[in-house]
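Me: I would like to learn how to read the surface features of a model. Could we start with the terms and then go to the case at hand?

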Amino acid sequence: MHKSMEKQYEELGKYFVFDPKKISVEEFFGDLNNFCNMFQQAVKENQRRKEAEEKIRRAKLAKEKAEKEKEEKAKKSQMLDINAEGDETGIMDGLLEALQSGAAFRRKRGPRQAANRRAGNAVTSILAKELLQESTPPKKTKVQKEEPLMEAGSLEDLLEEATPLSS
């Protein structure tokens with residue numbers, strides 16, 4: 001039995017290309033065990049890496065899907081559904097959907113309307129300051145100088161002038 005084992009170990013040495021007389025059985029099987037453990041660890045690491053990449057890919061797809069749905073929902077809320085024949089059967093559906101979502105109650109202001117409102121407030125505050133200054137005569141000191149009055153041609157000019165006056 002011992003001779004059979006030595007013969008098989010020599011054949012194993014020929015298969016793995018090592019000298020069975022220089023390397024002991026314990027060394028060989030210890031190295032083989034280390035190789036197997038490291039190989040299994042590498043396989044697990046590769047599997048974890050693939051799972052992480054798959055998770056990232058799924059998250060990216062979910063994000064893209066959510067963005068598409070958001071864009072479609074925005075388009076759907078803006079457009080009324082009208083058939084190709086020209087009959088307006090989809091208008092009621094669109095209006096009902098707008099009422100249910102609350103989109104019908106939101107007012108959208110354009111940039112001009114908001115700017116005009118701010119301009120109106122600025123003009124009102126400028127006029128109020130001028131009226132207050134006219135009702136009480138200002139006391140002149142040596143440091144203060146009178147600024148020449150500038151003619152304002154538009155609301156934008158008044159706005160530009162209002163900023164230094166208010167601060």
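Reply: Start with exposure: a residue is buried under 20% relative accessible area, exposed over 50%, and partly exposed in between. This is a predicted model, and Arg 57 is a case of the middle class, because its relative accessible area is 43%.

Me: How many of the residues count as buried in the whole protein?

Reply: The share is 7% of the 167 residues. The protein exposes about 16,200 Å², and 56% of that area is supplied by carbon and sulfur atoms.

Me: Which elements make up the fold, and in what order do they run?

Reply: The protein has five helices and zero strands. Read from the N terminus, the order is α-α-α-α-α.

Me: Now salt bridges. What is the rule, and how many does it give?

Reply: The rule asks for a side-chain nitrogen of Lys or Arg within 4 Å of a carboxyl oxygen of Asp or Glu. By that rule there are three salt bridges.

Me: Which residue does Arg 49 pair with?

Reply: Arg 49 pairs with Glu 45, and their closest N and O atoms are 3.3 Å apart. Both residues lie in helix α2, four residues apart, which is about one turn of the helix. Arg 49 is partly exposed because its relative accessibility is 43%. Glu 45 falls in the partly exposed class too, with a relative accessible area of 40%.

Me: Which residue forms a salt bridge with Arg 57?

Reply: The partner is Glu 54, with 2.3 Å between the closest N and O atoms. Glu 54 and Arg 57 are three residues apart in helix α2, about one turn of the helix. Glu 54 counts as partly exposed because its relative accessible area is 30%.

Me: How far apart are the closest N and O atoms of Glu 54 and Arg 58?

Reply: They are 3.7 Å apart, and the pair forms a salt bridge. Through shared partners, the salt bridges join Glu 54, Arg 57 and Arg 58 into one network. Glu 54 and Arg 58 both belong to helix α2, with a spacing of four residues, about one turn of the helix. Arg 58 is partly exposed, so its class follows from a relative accessible area of 48%.

Me: Which element gives the largest share of the nonpolar patch?

Reply: That is α2, with six residues. Val 43 lies in this helix, α2.

Me: Is Val 43 buried, exposed or partly exposed?

Reply: Val 43 is partly exposed, because its relative accessible area is 43%.

Notes. Residues numbered from 1 in each chain as written. Predicted model: local features only at pLDDT ≥ 70, side-chain atom pairs only at ≥ 80, totals over all residues. Heavy atoms only, no water. Helix = DSSP H or I, 4+ residues; strand = E, 2+ residues; numbered from the N terminus. Buried < 20%, exposed > 50% of the residue type's maximum accessible area, 1.4 Å probe, protein only. Areas by Shrake-Rupley, 256 points an atom, 1.4 Å probe, with all protein chains shown as cover.
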